Amino acid sequence: MKKIVRHPSTQEPPASGRKPGLRLTERELRASTDELVSFHQLFQAVFQRREQREWSLFYLCGQLSNLPRKTIERMVLVLRGADRNTVRVAQRFISQGTWCAERLIQRQQELVADWLGDPQGVVIVDGSGFPKQGQDSVGVARQYCGAVGKITNSQEGVFLVYVSQHGNAFLDARLYLHESWFADDARNRWQRCGIPNALSFQTEPDLAFAMLRSLVARHVVPFRWVVADAHFGGVPAFLDDVSTLGKWYLIEVPCNTRAWLHTPRVEPPGCGVMGRSRTHPRVSRRAPRPQELRELVETLASSVWTRHQIKEGSKGPIIADFAFLHVTTVRDGLPGPRAWVIFRRQVCPMPELKFYLSNAPASCSHAELIRVCGLRWPVETTLEEGKDELGMDHYEVRSWVGWHHHIAQTFMAHLFVIRLCLLLKKKPCVDIRPSSSVDRPGVVRRARHASKRISRDRLSAAAELRRVLFPSSPNAQAKALISTWASTERETSYSYEVSL
């Protein structure tokens with residue numbers, strides 16, 4: 001087959017349809033191929049067998065390609081030709097492979113800490129839906145799906161995304177199993193999907209806290225803040241759980257969340273006025289009732305509002321008015337912990353008012369609270385990149401193992417994109433040598449180790465990819481491995497194109 005030559009007049013857009021953003025030189029394009037192989041070498045210990053490592057690299061190339069639909073069958077058709085046996089082997093690697101997705105994600109967390117780590121980092125919690133047809137896919141149910149903005153047949157995942165001054169990347173994910181999957185008549189579906197028998201029902205905030213607890217216990221990724229939307233902020237137990245981890249949260253809460261301006265007096269158990277004993281403490285009857293946040297905001301004077309510009313949104317900075325109060329939260333009708341309440345009102349003809357709670361200390365500056373308040377958008381951007389650029393929602397697997405394998409591979413593909421962005425952003429026309437340093441010693445050591453392994457095998461990066469992608473004709477010079485970024489005049493978004 002002849003190599004595809006693209007002209008500006010016939011240039012096809014990337015799979016996502018996004019406008020390209022970077023200009024790459026010929027040297028940078030060749031170096032990105034070296035970087036891809038070197039990057040994948042960092043995950044060698046995750047896969048027990050050589051065949052697993054090769055299929056992982058193949059899947060990574062498929063997700064980085066410019067295919068409009070990154071399904072396994074389409075990847076094999078374009079990269080290896082029409083071979084049903086190869087399609088089945090690739091499907092088994094994702095759906096039934098014995099490699100551990102959790103170990104792959106943990107390895108990615110180590111690299112995120114090396115490349116993006118910051119003690120002031122932020123972990124964003126968010127859910128994302130995947131519309132599905134039929135009832136056979138694991139976890140599928142009629143539930144709200146943010147991808148379509150309504151209740152529909154879908155799967156729902158809970159995701160952690162890391163954000164620092166260096167960039168953003170996926171950290172972890174869990175598949176949410178709807179309550180209907182725990183009914184007695186759903187056991188047959190459990191067996192078909194390979195769901196672990198010991199699994200118990202967990203809400204999305206429960207899944208999010210389990211991931212956060214694991215992240216803190218491993219002491220790998222440095223972060224201070226946890227951010228989430230009102231879906232998680234509406235569960236007071238989730239806020240308290242985050243506090244037990246020693247982290248600060250700034251989480252959106254519903255407008256009917258109640259609080260006291262001042263901590264009320266609590267009467268301990270004992271004899272009541274009428275002689276009847278009380279077995280539980282209660283708020284003094286003379287204490288004022290807690291107010292909803294939408295009531296509190298009405299009492300604020302116009303002078304307490306201050307206008308700030310926050311770096312949020314795909315269309316540029318957003319200007320909003322902010323007001324702050326220190327309040328006492330409500331827990332089971334009694335005074336809870338003291339917390340910041342942040343009121344945010346967008347400056348526009350029809351302003352939207354949002355409410356946030358934070359357990360940050362009283363000494364925390366308003367500027368810091370405003371900065372963190374504007375950090376919700378990276379999770380939306382990261383999920384959009386995963387879906388539009390890397391095919392995170394293009395999977396056709398139905399099993400429990402298959403879903404987590406695919407998500408872990410998508411995280412790896414996204415991390416490689418972030419890795420290239422770091423290298424290209426460091427200096428114009430930078431020489432991107434395999435795993436070059438991003439001012440972190442740990443990265444340098446791993447890069448040198450990976451480079452030595454490649455040298456010992458006497459395989460260049462291009463030869464390695466030829467062997468994995470085109471095993472039947474590894475010496476075919478006409479088959480470019482990771483060719484130009486899909487772009488006019490070397491411009492690119494995040495997608496690679498595999499030219500034949």
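This is a predicted model: local features need pLDDT of at least 70, side-chain atom pairs count only at pLDDT 80 or more; totals for chains, interfaces and linings use all residues.
**Helix H2**

H2 is mostly covered, with twelve of its 15 residues buried (under 20% relative accessible area, where over 50% is exposed and in between is partly exposed; 1.4 Å probe, protein chains only). I listed the buried ones as Gln52, Glu54, Trp55, Ser56, Leu57, Phe58, Tyr59, Leu60, Cys61, Gly62, Gln63 and Leu64. H2 covers residues 50-64 and reaches 21 Å from its first C-alpha to its last, close to the expected 21 Å. The expected span is 1.5 Å times one less than the number of residues. I took helices (H or I, at least four residues) and strands (E, at least two) as DSSP runs, numbered from the N terminus.

Local features need pLDDT of at least 70 and side-chain atom pairs count only at pLDDT 80 or more, while totals for chains, interfaces and linings use all residues.

**Packing around H4**

I checked H2 against H4 and found an angle of about 100°, with the axes 10 Å apart. Axes are lines fitted to C-alpha atoms, for helices over the stretch in contact, and angles run from 0 to 180 degrees between N-to-C directions. H2 and H4 are therefore roughly perpendicular. Angles under 35 degrees count as roughly parallel, over 145 as roughly antiparallel, 65 to 115 as roughly perpendicular and the rest as oblique. Gln52, Trp55, Ser56 and Tyr59 in H2 are in contact (heavy atoms within 4.5 Å) with Thr86, Val89, Ala90, Phe93 and Ile94 in H4.

I then took H3 (residues 72-79) and H4 (residues 84-95), which pack at about 135° with axes 9 Å apart. That makes H3 oblique to H4. From H3, Ile72, Glu73 and Val76 meet Thr86, Val87, Ala90, Gln91 and Ile94 of H4.

**Gln155**

I moved to Gln155, which lies in strand S4 (residues 150-164). Gln155 is buried, at a relative accessible area of 0%. Its side chain reaches the backbone oxygen of Val138 at 2.6 Å. A polar contact of 2.4 Å joins the side chains of Gln155 and Tyr395. A polar contact is a pair of N or O atoms within 3.5 Å; within protein, one must be able to donate a hydrogen and the other to accept it, and residues adjacent in sequence count only if both atoms are side-chain atoms.

**Whole chain**

I recorded 15 helices and 18 strands. Buried residues make up 52% of the 500 residues.

Note on methods
Residues are numbered from 1 along each chain as its sequence is written. Side-chain values use heavy atoms; hydrogens and water are left out.
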